[in-house]
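Please look over the sequence and the fold shown here before reading on. The report then takes up a few places in turn.

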Amino acid sequence: MPHADHPYRKLMLQAVELALEYKFLTRPNPCVGALLVKDGIAAAHGVHKGAGFPHAEIEVLEDAARKGVNPVECTMLVTMEPCRHQGRTPPCTEAIAAAGVKKLMVGTLDPNPEASGGAEILRSRGLSVEVGVAEQECLDLIDDFITWQTTDLPYVLLKLAGTLDGRIAARTGHSQWISSRASRIATHQLRRRVQAVLIGGNTFYRDNPKLTCRLDDPDLPEAGEEEQPLAVVATSRLPDTGQNMHLLRHRAEKTIVWTTAAAAAGPKAEALRRLGVRVIGLPSKAGPALRGRSVRAELDVREGLAGLRRDMDCGYVLCEGGGCLGLALLDKGLAREFLLHLAPKILGDGEAVPLFDGRAPMHIDQALQLRITDTARFGNDVMLALRPAVQDAAEGEGRN
């Protein structure tokens, strides 16, 4: 059956939207939404709200009980395969079977080997189970969970703001403000949800950023210092401790600097450590010298990211640039989600700072391929949510 024509696709997307309301809050668990559908209408709703809370399947059955909806007369939709194991909560497979559900639609299988297999168990109990409804959207929903289950990395989001002609700053480095106030508030909301904010050396020196969550909207609460994310700077050029940099003067103990192994062993690194900054040497190699620029050190950012998860318990990392670092994350498949805020402005200057820089392709088919998964308006800006390209998920729609 064609991807867009599956009779339960739109309803499954409703379950996805329900689950997205709790994105970032369910860690280390996945975001999961569930519906009980009768006569083509969602009669009950359920969502997993966080570790220790009931799973979405239990929530939807409890919602049905409150509303007087009989699960026997409904089809259950769940964005991820029901669990079959006893964790903090009992197996969802048992609750589904006990409720008398006869038909189950599943978005995607559980990537956790300890919990997977619920679909087969329910089939063995006599239920009709279909897997793969709106599968790509359901996979995107749990991409953070998949990352944690299958790699040693945190889930990395890349956020950049640019003009219509793809520039993030004027040739002087001036960039405040390309994006609208609404875009900036959205960025601060993201900072509140992640455990670390990552920038490159150019952004560090050019913008002297704070990298804190500062919600100046009176309708939004201000984040306390204990809620602020770590600040991570990737640079081969270490700053002097006497420089008037906000991260050094006010947030040294929450700042991490990734640099070359040689720089990490030098006197500047020791001086930074005395301030409380964590200076970490990463493997590096010489990067390309583009348009006559000097050769720069290309740090192994993957190693740095793995260290953030291993040593600092970072599940989510937000990268806010610049263009070279953002490109490296996309090029190496490390950025799982890319949020591009485009402002309706044109600099029209070939010497202005580009969104991305660091590759030298000779042909268009060497371009990095992405897919748009969402669009939104923030003030006058348009936000494009993008992810790495995948094969058309339509081929897998509705596997029995």
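Lys23 touches Cys31, Glu337 and Arg387, leaving aside residues up to four places away in sequence, where contact means heavy atoms within 4.5 Å. This is a predicted model, in which local features need pLDDT of at least 70 and side-chain atom pairs count only at pLDDT 80 or more, while totals for chains, interfaces and linings use all residues. Residues are numbered from 1 along each chain as its sequence is written, and side-chain values use heavy atoms, with hydrogens and water left out.

The side chain of Lys23 also makes a polar contact with the side chain of Glu337, at 2.8 Å; a polar contact is a pair of N or O atoms within 3.5 Å, of which, within protein, one must be able to donate a hydrogen and the other to accept it, and residues adjacent in sequence count only if both atoms are side-chain atoms. Lys23 lies in the loop between helix 1 (9–20) and strand 1, helices (H or I, at least four residues) and strands (E, at least two) being DSSP runs numbered from the N terminus. Is Lys23 buried or exposed? With a relative accessibility of 17%, Lys23 counts as buried, a word that means under 20% relative accessible area, with exposed over 50% and partly exposed in between (1.4 Å probe, protein chains only).

Strand 1 (residues 33–38) has five of its six residues buried, so strand 1 is largely enclosed by the rest of the structure. Its pairings are set out below, two strands being paired if DSSP finds at least two bridges between them.

| Strand 2 (residues 41–47) | antiparallel | six | Lys38 and Ile41 |

Strand 1 and strand 2 form a hairpin with two residues between them, and Asp39 in the turn has a positive phi of about 55 degrees.

The buried residues of helix 12 include Val301, Gly304 and Leu308, and just after helix 12, Asp313 takes a positive phi of about 55 degrees.
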